[in-house]
Amino acid sequence: MIPIPFMKTTYLPDNLSSDEPPCVATVGFFDGVHRGHCFLISQVVEEAKASGMSSVVVTFDRHPRQVLKDDYQPEQLTTLDNKLVFLSKTGIDHVVVLHFDGEMARMSACDFMEKVLSRQLNVRKLLVGYDNRFGHGRQDGFNDYVRFGNQMGMEVIQGKDLLVEGRNVSSSAIRHFIRQGEMEIANHLLGYPYIIMGKVVGGMQEGRKMGFPTANIDLSETCQLIPAPGAYAVRVRLPQSVATRPAMMNIGTRPTFGGSSLSVEVHIFQFDEDLYGQQLYVSVEKRIREERKFDNVNQLREQLEMDRQMVMQTLDMNH
């Protein structure tokens with residue numbers, strides 16, 4: 001697990017003290033911890049400082065739909081570990097990770113506020129995001145939360161929303177642009193380059209035969225959203241390293257070789273070490289072209305060389 005600096009992290013229901021100090025909190029899944037999330041959390045931090053209380057983010061260990069729908073396949077922007085790293089950079093004092101299960105899914109908003117937020121976490125002020133709803137069936141809205149809060153001595157405040165170029169920043173909007181391969185727009189809304197992570201697995205070795213050895217990344221365990229097929233300019237962080245290396249990534253089915261299953265392959269420039277079984281972190285900067293089928297391997301090799309030049313130019317501009 002990635003170490004989380006300067007931030008208390010608590011996993012419920014396992015390890016919470018019975019005398020939590022009064023706090024200002026917000027609740028959400030916070031997938032991506034994008035600019036809109038950070039803007040809301042900054043309001044929590046400011047309100048907490050003004051009130052002399054600690055600031056708390058309450059989030060969940062899995063997407064609620066994974067519990068509500070057995071066949072739901074989440075396409076998340078961040079893994080839980082990465083989400084905690086991003087949250088640690090917001091200035092929040094404490095993150096509480098709730099275990100989302102069937103019992104919690106059945107809990108009404110009022111019960112959640114009373115049993116979890118008020119009794120367990122001692123939340124005195126709750127900031128609610130502009131589009132956030134919680135509780136069974138997401139049936140209640142902001143006015144209901146205010147009414148419930150009044151009953152239990154909790155002030156409920158409507159968080160201000162963040163507009164970027166006239167657009168509300170949301171995880172769903174960011175997913176839309178990533179699915180389209182529009183990484184520059186997605187990254188602008190995220191506030192950082194989109195990161196995918198996964199272990200290196202064995203591949204077909206076709207890239208090596210052409211002089212472009214690749215690390216084949218398995219993303220199946222991370223439940224992350226995979227960008228649209230195509231060639232990308234990326235930066236790769238290797239295990240046990242904080243430095244990144246320029247690279248190009250191909251997402252697709254290898255149509256030139258008659259492939260059918262989706263693969264994610266990364267060619268790291270001036271690097272030819274064995275990374276099998278290790279985890280890579282890939283920052284996706286820009287899609288440089290769509291996936292294409294070539295008539296032969298020579299055409300593909302020529303295109304890969306042009307891709308390399310394009311990626312080097314792109315990464316140099318974005319450095």
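Here, a residue counts as buried under 20% relative accessible area, as exposed over 50%, and as partly exposed in between (1.4 Å probe, protein chains only). The model is predicted: local features need pLDDT of at least 70, side-chain atom pairs count only at pLDDT 80 or more, and totals for chains, interfaces and linings use all residues. Residues are numbered from 1 along each chain as its sequence is written, and side-chain values use heavy atoms, leaving out hydrogens and water.

**View 1. Helix α1 and its buried residues.** Helices (H or I, at least four residues) and strands (E, at least two) are DSSP runs, numbered from the N terminus. Look for its buried residues G36, H37, L40, I41, Q43, V44, V45 and A48. Their cover includes β2, β3, α3, β5 and α7, where contact means heavy atoms within 4.5 Å. Just after α1, G52 takes a positive phi of about 70 degrees.

**View 2. The open sheet of six strands.** The order is β1-β4-β3-β2-β5-β6, with parallel pairing; two strands pair if DSSP finds at least two bridges between them. Because β1 and β6 stand at the edges with a single partner strand each, one side of each lacks a neighbour in the sheet. From one strand to the next, the twist averages 25 degrees.

**View 3. Where β2 meets β5.** These two strands pair in the parallel sense over four bridges. Here C23 has V123 in β5 as its bridge partner.

Definitions and conventions. Axes are lines fitted to C-alpha atoms, for helices over the stretch in contact, and angles run from 0 to 180 degrees between N-to-C directions.
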